[in-house]
Amino acid sequence: MDAQPQPSRAARAAAKAANSGYPESVTRLIEELARLPGIGRRSAERLTFHILKATKPEALALAAAIGDVKQRVRHCHVCYNLMDTASAEGHGLCAICAEPERDRASVMVVEQPKDLIALEQTGTFKGLFHVLMGRISPLEGVRPGDLTIADLLGRIDDPAHNLDTPVREVILALNPTLEGDGTALYLAGELERRGVRVTRLARGLPTGSTLEFASKAVLADAIEGRRPMI
Ligand SMILES: [Zn+2]
């Protein structure tokens, strides 16, 4: 049986615009901005009016920056760190994986690229990273298969997936939250079965805080004071 024809996206937007009283393109921008995390309808309206007031080059620079991150930024095929395709020179590796002096036998596991950046800025850790792209969260329906856990285990199981270097130690640097801890425990079980040394960051980090907002000194202490996971 044929489905009822759906009104096009443009027709729906035009109908909504008529309701909101704004021109259609203004309504569309408000709706796109309101989809961003932490941005409610009112903030989206404020941002939209800020963009309307900005000069044309300023507004187009914002639009171009959004286009560029989607066009040019990729994930490293080893660690899932973000990288600019222009700087990868065809090897598909991020700047950290491509650095030959780093200790490739140590892999620090983080939730998000922003955590990697915070830890890297301490200058304390000289190994490689692995970005999970989230954490296990049963409440939000995020399961181990939704993250890059299989790729992490692949790096342990086959040195060919870790720049031809066997992994000696995995440091779990997840956020000290309920979900971060749950993810760390799950990973510790999977990793120890493979006979690799598993440590976690020291708890200089207050429970419930996030790595992103921790100071360099606290993060450096946490790396130095890492301890066996179990
Ligand atoms: Zn990488």
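Q: What kind of model is it?
A: It is a predicted model. The average pLDDT is 88, and 88% of the residues score at least 70.

Q: Which element has the lowest mean pLDDT, and which the highest?
A: Helix H1, residues 9–20, has the lowest, with a mean of 61. Strand S4 has the highest, at 98.

Q: How many helices and strands does the protein have?
A: Nine helices and seven strands.

Q: And how much of the protein counts as buried?
A: 24% of the 230 residues.

Q: What about contacts between residues at least 6 apart in sequence: what share joins residues at least 24 apart?
A: 52% of those contacts do.

Q: Let's turn to helix H6. Which of its residues are buried?
A: H6 covers residues 113–120. Its buried residues are Pro113, Asp115, Leu116, Ala118 and Leu119.

Q: What covers them?
A: Strands and a helix are on the list. The cover includes strand S2 (82–84), strand S3 (103–110) and strand S4 (127–131). Helix H9 (216–224) is also included.

Q: Next, helix packing. How is a helix pair described in general?
A: By the angle between the two axes and the distance between them.

Q: OK, at what angle do H2 and H3 pack?
A: About 125°, with the axes 8 Å apart. H2 is residues 24–34 and H3 is residues 41–53. That angle makes H2 oblique to H3.

Q: Is the crossing left-handed or right-handed?
A: The crossing of H2 and H3 is right-handed.

Q: Which residues make the contact?
A: From H2, they are Val26, Leu29, Ile30, Leu33 and Ala34. H3 supplies Arg41, Ala44, Glu45, Leu47, Thr48 and Ile51.

Q: How do those residues divide into nonpolar, polar and charged?
A: In the contact of H2 with H3, eight are nonpolar, one is polar and two are charged.

Q: Is Tyr80 buried or exposed?
A: Tyr80 counts as buried, because 23 C-beta neighbours lie inside 10 Å.

Q: And what is phi for Leu163?
A: Near 55°, again a positive value in a residue other than glycine. Leu163 is in the loop between H7 and strand S5 (169–172).

Q: Why does Leu163 count as partly exposed?
A: Because it has 16 C-beta neighbours inside 10 Å. Buried would need 20 or more.

Q: Moving on to Asn175. Where is it?
A: Asn175 is in the loop between S5 and helix H8 (178–192).

Q: Is Asn175 buried or exposed?
A: Asn175 is buried, with 24 other C-beta atoms within 10 Å.

Q: What does Asn175 contact, leaving aside neighbours within four places in sequence?
A: Glu111, Gly180, Thr210 and Leu211. As for Val110, it is 65 residues from Asn175 in sequence, and the C-alpha atoms are 8.0 Å apart.

Q: How about Lys126, where is that?
A: In the loop between H6 and S4. Lys126 counts as exposed, because it has 11 C-beta neighbours inside 10 Å.

Q: What is Lys126 in contact with, beyond four places in sequence?
A: Arg102 and Asp103. From Lys126 to Met108, the C-alpha separation is 9.8 Å, for residues 18 apart along the chain.

Q: Last stop, two helix residues. Where is Asp157?
A: In helix H7, residues 149–157. Asp157 is partly exposed, with 14 other C-beta atoms within 10 Å. The C-alpha atoms of Asp157 and Leu191 are 9.8 Å apart, and 34 residues separate the two along the chain.

Q: And Leu185, which helix is that in?
A: Leu185 lies in H8. Leu185 is partly exposed, with 16 other C-beta atoms within 10 Å. The C-alpha atoms of Leu185 and Leu172 are separated by 9.4 Å, with the two residues 13 apart along the chain.

Conventions: Residues numbered from 1 in each chain as written. Predicted model: local features only at pLDDT ≥ 70, side-chain atom pairs only at ≥ 80, totals over all residues. Helix = DSSP H or I, 4+ residues; strand = E, 2+ residues; numbered from the N terminus. Buried ≥ 20, exposed ≤ 12 C-beta atoms within 10 Å, placed from the backbone. Contact = placed C-beta atoms within 7 Å. pLDDT = per-residue confidence, 0-100. Axes fitted to C-alpha atoms, helices over the stretch in contact; angles between N-to-C directions. Parallel < 35°, antiparallel > 145°, perpendicular 65-115°, else oblique. Left-handed = near helix turned anticlockwise from the far one by under 90°. Nonpolar A, V, L, I, M, F, W, Y, C, P; charged D, E, K, R; others polar.
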